[in-house]
Amino acid sequence: MPALKGETIPKLVQSMVNLEETTLYTGVEYDDTRENYRDAVCRVMRQLLNYILEHSEDDTKSLFSIIKIISDLLQFKGSHKHEFDSRWKSFNLVKKSMENRLHGRKQHIRALLIDRVMLQHELRKLTVEGCQYRSIHRELMRDLLRLSTSTYSQVSTQQGSKCVVHGTGDLQFLLQRSDPHVLEFLNPDNSSVSQQQFKGALYCFLGNHSGVCLANLHDWDCIALTWPAIVRSGLSSAMSLEKPSIVRLFDDLADKIHRQYETIGIDFAIEGECSTVAKRLMINGNPLPKEPVPSEEEVAEGVKKQELKNAECVQNYHQLIGDLLEFLNNSNMPWKFEHIAIGFLSLLLRDDRLLPPAAITFFVKSLNHDSLYVRKVAISAVAGIMKQIKRPHKKVPISPSELCKNHKGLFVCNFFKTGLKNNQSLLGGGKELSVNVAGDRQDNKWLQYDSSSLPRTQKDWDACVFVEKTHWGYYSWPRKLMMYAPLEEQPKQNLTREEMTEREQIIFDHFSDPVFINQFIEFLSLEERKGKDKFSPRRFCLFKGLFRNFGDIFLPLLRPHMERLVADSHESKQRCVAEIISGLIRGSKHWSYAKVLCPLLRTALSNITIETYADWGTCIATACESRDPRKLYWLFELLMESPGGLAQQEWRVPELLHRLLQYLEPKLTQVYKNVRERIGSVLTYIFMIDVNLPCTQPTTSPRISDFTERILLQLKPLTEGDEEIQNHVVEENEVGEQDERTQAIKLLKTVLKWLIASAGRSFSTAVPEQLRLLPLLFKIAPVENDDSYDELKRDAKTCLSLMSQGLLYPEQIPMVLRGLREIAGSSSWHARYTVLTYLQIMVFYNLFTFMNDQQSVNEVRALVVRLLEDEQLECNFLSMDAPMQAHFEALCKTRLPKKRKRELGSTVDTIPSADLMRRHAGVLGLSACILSSPYDVPTWMPQLLMDLSAHLNDTQPIEMTVKKTLSNFRRTHHDNWQQHKQQFTDDQLLVLTDLLVSPCISEMAELLAKEPIVIYSCKKGRVQAPHCCAHSTKVAAMVEAEDTVIIMYSFHTEE
């Protein structure tokens, strides 16, 4: 049917562009001489609706039907939107499942292309056709709005409001016209509004779960009306916070606004270049546009109208802030709506426009509000205000080559002038380096921390060029390196009140008040949630902005509070001072020399507890992030007294990392587990820059190889000898001297913590160093799952698992295999067993690297065959190729002495171990071949099964291996056995059937030979007719059937 007809509503929006509906050709020619049935149905439904609402408003079923019909009249254009979305989702799933990526993403089958065309056609109809707002639409929307505020909640909340939201979303520019009608029900001056109408209006604003929210439209005219109306509705007589449904509605509405709100632009402008390009496109485009090219006068008029529109947006922005502040200052406003209003106000902070002074005053005062929610919002808002009023600092371009040249007579780096252009190389330390080489170079050496050249005086401080970004210079330099200008060219620090702006004066006045500061710090040091509070980034940002914008003006007032909090061991007090100190350190970025907090931090670090350890760690890490270590040298020198906090500086502090490692090495033999874990984590950060990556120059940071060499000397008592290592060290303070073995075990525990921690954080795998530790780990790791709590064995097993998953370069594979071969020759069977598990995981994670080197494949095969013949080896699942199958078949044929030729009178039936192990190794190999294909039957498998069946009666452990293999074969091939058995000959099937039949069936067959037995087959819970059987083959066939239970009853005995 054609769309609804009616007069077009003019001037919905002011525009110089034609915004009329685009007529689509849908393949149907409408006969305009005939009556429009959609209009006819619309007239009848409106009359019926008015009659029902006047005479029988309680007829909710009829109202539901009318709402459904009106919804279809408005929205139905051949298909519903939700049905189209479902088909679109299904189409994408089908397309993804049927695509052939080898042919590209555009190569789809014809049926998919046809579906895509149909969906595109439906989408055009749904989004374009019939979207012009007409008078009939206005009348229908008013009827739906009347229903959405009905007395009956089912009609208002569940049907009417949903149709209002759907209808407004489908019509152009209707959203901007819908709000005033809904707002009438929220007006507190309208005393005739019922509670149901009030709730219905809220449902209209809320919309459905994924639909349009009328209170969150991207239009300043709508926002300026809806947000104040929602807050002002708290004074309405129809609003009651005692009703949970109304409270829940306001909570959902506020939450949806906060989640969906996007900053609305205020100043819209089009650059002249864009206008020129657009005009050229209209002239030269093909096809030519329907509208003529605008003249210069029209363009000037459009620019003028846009400027007026921008002015209106600015006025609406300030008016909205003023209205919200007015409601917040109303003492009669309920607390719920006060929270909603301050939430709305916090959303109005912008990067391109300063918040009005009145709003700044409100947020600063709210820092000491009684409500925790208000204080949290105020902290975030004031932190944003600090960023708004931040004074810009001047930057100047710097040449890294000049800085390198002036750095204490070091090598002159001219490659920034010539090398990058001519692709030359840089000579440094007698070695030729490529320009694109990461790591330590002569051109970035001046960036690193050097205790002999720190800016310890005012003169050195002013002359030093600080590079804040940690990643600059490690691999390359920015094309244009911009650094802060000298201090005399920067904004003045420590301004007087008269020199401040109005907004700065508001903050200055409050934070200069001792009473305000006392109350503020008291609130910040309160505990919110016992055991769940953490370091707050919002508070950190607040103090960072405070010290960045105002310097150390407030430090005299804050210092007594900081000293008091530092001396207090309570968790909340320590967290509060940690947030202040981190903000202070980061905010002092542009301070002059000698503004340090050493005494205060020293006291704080001495009072750290296990509860506050994480908060202080976050404090130091946050304070040091993206900061030049030379600028914070006083902090790092202080941290060296109780080392830590260097992780953020990475490659720029090699000297401090060496000092930290030197401090930690004597403490590696710690008894307590948490201390070992922490030391392992710190060791990870110390060695993080010691990487082995392509195009990477080694740094002067500590080397893993040197560290490994030193700890291996201390682990010598464990590496010598083959006896098993037992964890006999308990966590307690041991007084006196301990033997070397005990010390070595404690050291090994710490080393394991380091290896485990570094597996997930290091940039590359230290393969040569790990190989030196592998023999020791293989001796400790448990062979089977050990439920007992043995930290040493558990960590060794975890460490081996992580190390085996590491990435190997092609040149490292021979080194690893050589080490594994040496360990495989160890006398410890624990080590030999673990080698094969390690090898299996290592090959899996580096499969393509191994397959690319045939020599490595041959070495792996030889190592596996060697371990298969080990006397302690259990069956492993391996994938074998044809040469290995032939090798295993030959091993299976190893002759064993007959039983009568063995030693008579011996209490034990002995067989020479060498022959038995070789024969068993062949059986294990054949078993691995069979179990390597658990869900199919390759052409070679039937013969292998026949070969394996010949060993079913061999001596142990061969018999057990064969039975286990056959059992697993039956389990994995049972579901598709009708297909799999086509690969076997009749003779092979007969043998296989006898092999796979349960032993109880053999006993049954023997019983059948003696006397007849009645057999019942019970399928799916029903007992079938009895079967008289006298042959074991039929019994076996019945057992093989699914869901069958055999019930036997003897004629002679009750068995």
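## Asp267 and Arg353

Asp267 is partly exposed, at 48% relative accessible area (buried is under 20%, exposed over 50%, partly exposed in between, with a 1.4 Å probe and protein chains only). Arg353 is partly exposed too, at 23%. The side chains of these two residues form a salt bridge, 3.0 Å from N to O (a side-chain nitrogen of Lys or Arg within 4 Å of a carboxyl oxygen of Asp or Glu).

This pair links distant parts of the chain, 86 residues apart: Asp267 is in the loop between helix 10 (244-260) and helix 11 (272-284), and Arg353 is in the loop between helix 13 (335-346) and helix 14 (357-366). Helices here are DSSP runs of H or I with at least four residues, strands are runs of E with at least two, and numbering starts at the N terminus.

## What the model is

This is a predicted model, so local features need pLDDT of at least 70 and side-chain atom pairs pLDDT 80 or more, while totals for chains, interfaces and linings use all residues. Residues are numbered from 1 along each chain as its sequence is written, and side-chain values use heavy atoms, leaving out hydrogens and water.

Now for Arg539: its salt bridge with Glu528 has the closest N and O atoms 3.0 Å apart. Arg539 lies in helix 21 (residues 537-550) and Glu528 in the loop between helix 20 (514-524) and helix 21, so the pair ties together parts eleven residues apart in sequence. Arg539 is buried at 11%, whereas Glu528 is partly exposed at 32%. Through shared partners, salt bridges join Lys376, Glu528, Arg539 and Glu579 into one network.

## Arg630, Asp628 and the total

Arg630 and Asp628 also pair up in a salt bridge, at 2.7 Å from N to O, and both are buried. The salt bridge count comes to 31.
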